[in-house]
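Subject: Structure handover and findings

Dear colleague,

Please find the structure below. My notes on its sheets, helices and aromatic pairs follow it.

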Amino acid sequence: MSKPQPVAVETPSENQSEYEQSHVHDVYEVIASHFSDTRYKPWPVVENFLFGLPIGSLGADVGCGNGKYIGINPNVFISGSDRSSNLISIVRDRGLEGIVADGMVLPYRNNAFDFAISIAVIHHFSTPERRIAAIEELLRIVKPGGKVLVFVWALEQTKFSKRNFQPGEQDVFVPWTLAKKKDEQDDGEPPKVYNRYYHLFKKGELDNLFEQISNVSIDISGYDRDNHYVIATKI
(Lines give C-alpha, C1' and ligand atoms only; values in the text may rest on other atoms or scores of the structure.)
Protein backbone atom coordinates (compact mmCIF):
# COMPACT_ATOMS: atom_id res chain seq x y z
CA MET A 1 0.00 0.00 0.00
CA SER A 2 1.42 3.40 -1.00
CA LYS A 3 1.85 6.01 1.69
CA PRO A 4 -0.71 8.85 1.55
CA GLN A 5 0.82 12.08 0.27
CA PRO A 6 0.02 15.73 1.00
CA VAL A 7 -2.58 17.42 -1.19
CA ALA A 8 -3.02 21.12 -1.95
CA VAL A 9 -6.12 22.78 -0.53
CA GLU A 10 -7.86 26.12 -0.65
CA THR A 11 -8.54 27.64 2.75
CA PRO A 12 -11.92 29.34 3.29
CA SER A 13 -12.21 33.11 3.40
CA GLU A 14 -14.60 32.89 6.38
CA ASN A 15 -14.93 30.81 9.55
CA GLN A 16 -11.20 30.18 9.83
CA SER A 17 -11.53 29.10 13.46
CA GLU A 18 -14.10 26.45 12.50
CA TYR A 19 -11.87 25.32 9.64
CA GLU A 20 -8.91 24.94 12.01
CA GLN A 21 -11.12 23.15 14.52
CA SER A 22 -12.06 20.53 11.92
CA HIS A 23 -8.72 20.18 10.16
CA VAL A 24 -6.28 20.67 13.04
CA HIS A 25 -7.68 20.48 16.58
CA ASP A 26 -10.12 17.60 16.08
CA VAL A 27 -7.41 15.58 14.33
CA TYR A 28 -4.88 16.01 17.13
CA GLU A 29 -7.46 14.90 19.69
CA VAL A 30 -7.79 11.61 17.79
CA ILE A 31 -4.10 10.98 17.04
CA ALA A 32 -2.68 12.38 20.32
CA SER A 33 -1.31 9.12 21.73
CA HIS A 34 0.20 7.95 18.44
CA PHE A 35 1.55 11.45 17.73
CA SER A 36 3.16 11.60 21.17
CA ASP A 37 4.98 8.32 20.57
CA THR A 38 6.80 9.96 17.64
CA ARG A 39 7.77 13.14 19.51
CA TYR A 40 10.62 12.54 21.91
CA LYS A 41 13.88 13.92 20.51
CA PRO A 42 14.48 17.68 20.99
CA TRP A 43 15.61 19.76 18.04
CA PRO A 44 19.09 21.26 18.59
CA VAL A 45 18.10 24.90 17.98
CA VAL A 46 15.30 24.68 20.55
CA GLU A 47 17.49 22.83 23.03
CA ASN A 48 20.30 25.39 22.67
CA PHE A 49 17.82 28.23 23.09
CA LEU A 50 16.46 26.75 26.32
CA PHE A 51 19.90 26.06 27.76
CA GLY A 52 21.02 29.58 26.86
CA LEU A 53 18.44 31.18 29.15
CA PRO A 54 19.34 32.65 32.55
CA ILE A 55 18.84 30.34 35.51
CA GLY A 56 15.39 30.77 37.03
CA SER A 57 13.76 32.06 33.83
CA LEU A 58 9.99 31.60 33.54
CA GLY A 59 8.60 30.62 30.16
CA ALA A 60 5.61 29.41 28.18
CA ASP A 61 5.53 26.62 25.60
CA VAL A 62 2.50 27.46 23.48
CA GLY A 63 1.30 24.42 21.55
CA CYS A 64 3.46 22.19 23.71
CA GLY A 65 2.14 18.87 22.37
CA ASN A 66 3.29 16.08 24.67
CA GLY A 67 5.57 18.45 26.58
CA LYS A 68 8.88 17.18 25.27
CA TYR A 69 10.53 20.60 25.73
CA ILE A 70 9.08 21.45 29.13
CA GLY A 71 11.64 19.56 31.19
CA ILE A 72 14.67 19.90 28.93
CA ASN A 73 16.44 22.50 31.08
CA PRO A 74 15.81 21.88 34.80
CA ASN A 75 17.09 25.38 35.61
CA VAL A 76 14.12 27.14 33.98
CA PHE A 77 10.39 26.74 34.59
CA ILE A 78 8.06 26.24 31.63
CA SER A 79 4.28 26.24 31.62
CA GLY A 80 2.90 24.31 28.66
CA SER A 81 -0.38 24.87 26.87
CA ASP A 82 -2.12 23.14 23.99
CA ARG A 83 -5.57 23.05 22.40
CA SER A 84 -5.61 19.25 22.66
CA SER A 85 -6.88 17.99 26.01
CA ASN A 86 -5.56 14.53 25.17
CA LEU A 87 -2.05 15.87 24.63
CA ILE A 88 -2.24 17.86 27.86
CA SER A 89 -3.28 14.68 29.66
CA ILE A 90 -0.02 13.14 28.44
CA VAL A 91 1.90 16.20 29.68
CA ARG A 92 0.36 15.88 33.13
CA ASP A 93 0.91 12.12 33.23
CA ARG A 94 4.60 12.90 32.79
CA GLY A 95 4.48 15.12 35.87
CA LEU A 96 4.84 18.36 33.88
CA GLU A 97 2.88 21.62 33.92
CA GLY A 98 0.28 21.93 31.16
CA ILE A 99 -3.10 23.52 30.57
CA VAL A 100 -5.64 23.38 27.74
CA ALA A 101 -5.64 26.78 26.05
CA ASP A 102 -6.19 28.49 22.71
CA GLY A 103 -3.00 30.00 21.32
CA MET A 104 -5.00 32.96 20.04
CA VAL A 105 -6.34 33.81 23.51
CA LEU A 106 -3.85 32.67 26.12
CA PRO A 107 -4.95 32.70 29.79
CA TYR A 108 -1.87 34.57 30.98
CA ARG A 109 -1.46 38.19 32.07
CA ASN A 110 0.56 40.68 30.06
CA ASN A 111 4.35 40.56 30.51
CA ALA A 112 4.16 37.39 32.61
CA PHE A 113 7.08 35.44 31.14
CA ASP A 114 10.76 35.84 30.42
CA PHE A 115 10.43 33.83 27.21
CA ALA A 116 7.99 31.90 25.06
CA ILE A 117 8.40 29.17 22.46
CA SER A 118 6.01 28.02 19.75
CA ILE A 119 7.34 24.97 17.95
CA ALA A 120 5.56 23.71 14.83
CA VAL A 121 2.28 25.44 15.68
CA ILE A 122 1.76 28.69 13.76
CA HIS A 123 1.75 26.88 10.42
CA HIS A 124 -1.65 25.45 11.48
CA PHE A 125 -3.31 28.89 11.38
CA SER A 126 -5.11 29.36 8.10
CA THR A 127 -4.56 33.05 7.25
CA PRO A 128 -1.68 35.54 7.49
CA GLU A 129 -3.77 37.66 9.84
CA ARG A 130 -4.27 34.78 12.27
CA ARG A 131 -0.57 33.87 12.12
CA ILE A 132 0.38 37.44 13.01
CA ALA A 133 -2.21 37.46 15.81
CA ALA A 134 -0.71 34.24 17.21
CA ILE A 135 2.77 35.81 17.26
CA GLU A 136 1.37 38.97 18.87
CA GLU A 137 -0.18 36.81 21.58
CA LEU A 138 3.22 35.25 22.30
CA LEU A 139 4.69 38.74 22.60
CA ARG A 140 1.85 39.94 24.82
CA ILE A 141 2.68 37.42 27.52
CA VAL A 142 6.46 38.06 27.39
CA LYS A 143 8.17 40.88 29.28
CA PRO A 144 9.95 43.67 27.39
CA GLY A 145 13.43 42.33 26.71
CA GLY A 146 12.09 38.77 26.73
CA LYS A 147 12.76 36.25 24.00
CA VAL A 148 10.41 34.44 21.62
CA LEU A 149 11.30 31.40 19.50
CA VAL A 150 8.98 30.29 16.68
CA PHE A 151 9.38 27.28 14.37
CA VAL A 152 7.22 26.59 11.29
CA TRP A 153 7.34 24.02 8.52
CA ALA A 154 9.24 25.12 5.42
CA LEU A 155 8.04 24.82 1.85
CA GLU A 156 11.63 23.96 0.92
CA GLN A 157 11.67 20.52 2.54
CA THR A 158 14.90 18.57 2.16
CA LYS A 159 16.50 15.39 3.43
CA PHE A 160 14.64 15.29 6.75
CA SER A 161 11.26 14.91 5.07
CA LYS A 162 9.80 12.05 3.07
CA ARG A 163 6.83 14.16 2.01
CA ASN A 164 6.39 15.15 -1.59
CA PHE A 165 5.34 18.79 -1.52
CA GLN A 166 4.76 20.35 -4.91
CA PRO A 167 6.46 23.68 -5.72
CA GLY A 168 4.17 26.62 -4.99
CA GLU A 169 1.60 24.63 -2.99
CA GLN A 170 1.77 26.31 0.40
CA ASP A 171 -1.62 25.34 1.83
CA VAL A 172 -1.88 21.58 2.14
CA PHE A 173 -3.47 18.68 3.96
CA VAL A 174 -0.78 16.43 5.43
CA PRO A 175 -2.02 12.90 6.14
CA TRP A 176 -1.46 11.09 9.42
CA THR A 177 -1.95 7.33 9.22
CA LEU A 178 -3.23 6.02 12.53
CA ALA A 179 -1.75 2.57 12.76
CA LYS A 180 -3.51 -0.08 14.80
CA LYS A 181 -2.12 -0.81 18.24
CA LYS A 182 -0.29 -4.08 18.77
CA ASP A 183 -2.99 -5.40 21.08
CA GLU A 184 -5.82 -4.60 18.65
CA GLN A 185 -7.31 -7.44 16.64
CA ASP A 186 -6.75 -7.21 12.90
CA ASP A 187 -10.18 -6.76 11.36
CA GLY A 188 -8.88 -6.50 7.83
CA GLU A 189 -9.70 -2.80 7.61
CA PRO A 190 -6.94 -0.44 6.43
CA PRO A 191 -5.50 2.06 8.93
CA LYS A 192 -7.46 5.31 9.20
CA VAL A 193 -5.92 8.41 7.66
CA TYR A 194 -6.51 11.88 9.11
CA ASN A 195 -5.60 15.06 7.25
CA ARG A 196 -4.08 18.02 9.08
CA TYR A 197 -4.01 21.53 7.61
CA TYR A 198 -0.59 23.17 7.19
CA HIS A 199 0.60 26.41 5.66
CA LEU A 200 4.13 25.82 4.37
CA PHE A 201 6.34 28.88 4.80
CA LYS A 202 8.60 30.22 2.09
CA LYS A 203 12.03 31.53 3.01
CA GLY A 204 11.64 34.97 4.58
CA GLU A 205 7.89 34.63 5.11
CA LEU A 206 8.11 34.09 8.87
CA ASP A 207 10.51 37.03 9.17
CA ASN A 208 7.98 39.15 7.28
CA LEU A 209 5.25 38.35 9.82
CA PHE A 210 7.50 39.53 12.64
CA GLU A 211 8.42 42.65 10.68
CA GLN A 212 4.75 43.63 10.55
CA ILE A 213 4.66 43.81 14.37
CA SER A 214 5.91 47.00 16.00
CA ASN A 215 7.16 45.85 19.41
CA VAL A 216 9.61 43.15 18.38
CA SER A 217 13.10 42.88 16.91
CA ILE A 218 14.42 39.79 15.13
CA ASP A 219 17.66 38.52 16.64
CA ILE A 220 18.24 35.65 14.24
CA SER A 221 16.34 33.66 11.65
CA GLY A 222 17.34 30.37 10.11
CA TYR A 223 16.50 27.00 8.65
CA ASP A 224 16.73 23.74 10.57
CA ARG A 225 15.26 20.27 9.99
CA ASP A 226 12.89 21.43 7.26
CA ASN A 227 11.68 24.32 9.38
CA HIS A 228 12.13 28.07 9.27
CA TYR A 229 12.64 29.67 12.64
CA VAL A 230 12.94 33.11 14.23
CA ILE A 231 14.37 34.13 17.58
CA ALA A 232 13.21 37.62 18.51
CA THR A 233 13.22 40.08 21.39
CA LYS A 234 10.19 42.01 22.63
CA ILE A 235 10.89 45.73 22.64
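A residue is called buried under 20% relative accessible area, exposed over 50%, and partly exposed in between, with a 1.4 Å probe and protein chains only. This is a predicted model, in which local features need pLDDT of at least 70 and side-chain atom pairs count only at pLDDT 80 or more, while totals for chains, interfaces and linings use all residues. Residues are numbered from 1 along each chain as its sequence is written, and side-chain values use heavy atoms, with hydrogens and water left out.

Helices (H or I, at least four residues) and strands (E, at least two) are DSSP runs numbered from the N terminus. Two strands are paired if DSSP finds at least two bridges between them. Contact means heavy atoms within 4.5 Å. Axes are lines fitted to C-alpha atoms, for helices over the stretch in contact, and angles run from 0 to 180 degrees between N-to-C directions.

The three-stranded sheet

An open, antiparallel sheet is formed by three strands in the order β1-β7-β8. Since β1 and β8 stand at its edges with a single partner strand each, one side of each is left without a neighbour in the sheet. Helix α1 packs on this sheet, where it touches β7 and β8, and its direction makes about 125° with that of β8. Strand β1 (residues 7-8) is joined to β7 (residues 171-178) by two antiparallel bridges: Val7 stands opposite Phe173, and the bridge partner of Ala8 is Val172. Between β7 and β8 (residues 192-199) there are eight bridges, also in the antiparallel sense, and here Leu178 stands opposite Lys192.

Aromatic pairs

Rings of Phe, Tyr and Trp (its six-membered ring) pair if their centres lie within 6.5 Å; planes under 30 degrees apart count as stacked, over 60 as edge-to-face and the rest as tilted. The structure holds nine such pairs. For Tyr19 and Tyr197, the ring centres are 5.6 Å apart and the planes stand at 75°, so this pair is edge-to-face. Tyr19 belongs to helix α1 and Tyr197 to strand β8, so the pair ties together parts that are 178 residues apart in sequence. Tyr19 is buried, at 11% relative accessible area, and Tyr197 is buried as well, at 0%. Together with Phe173, Tyr19 and Tyr197 form one aromatic cluster.

A second pair consists of Trp153 and Tyr198, whose ring centres are 4.0 Å apart with planes at 20°, so it is stacked. Trp153 lies in strand β6 (residues 142-153) and Tyr198 in strand β8, so this pair ties together parts that are 45 residues apart in sequence. Both partners are buried: Trp153 has 8% relative accessibility and Tyr198 has 2%.

The seven-stranded sheet

Seven strands form an open sheet in the order β4-β3-β2-β5-β6-β10-β9, with mixed pairing. The edges are β4 (98-100) and β9 (216-224), each with a single partner strand, so one side of each is left without a neighbour in the sheet. On average, neighbouring strands of this sheet are turned by 15° against each other, direction ignored. Within it, β5 (residues 113-119) and β6 pair in the parallel sense over six bridges, and Phe115 stands opposite Lys147 in β6.

Helix α2 (residues 44-51) lies across β3 (77-82), β5, β6, β9 and β10 (227-234), and runs at about 175° to β5. In the loop between α2 and β2 (58-62) is Leu53, which is buried at 13% relative accessible area. Leaving aside its neighbours within four places in sequence, Leu53 is in contact with Val76 and Phe115.

Helix α3 lies across β3 and β4, running at about 165° to β4. Helices α1 (residues 16-37) and α3 (residues 85-93) pack at an angle of about 35°, with their axes 7 Å apart. Residues of α1 in this contact include Tyr28, Ala32 and Phe35, and those of α3 include Leu87 and Ile90.

Helix α4 (residues 128-140) has 13 residues and reaches 18 Å from its first C-alpha to its last, close to the expected 18 Å; the expected span is 1.5 Å times one less than the number of residues. Among the buried residues of α4 are Arg130, Arg131, Ile135 and Leu138.

Kind regards
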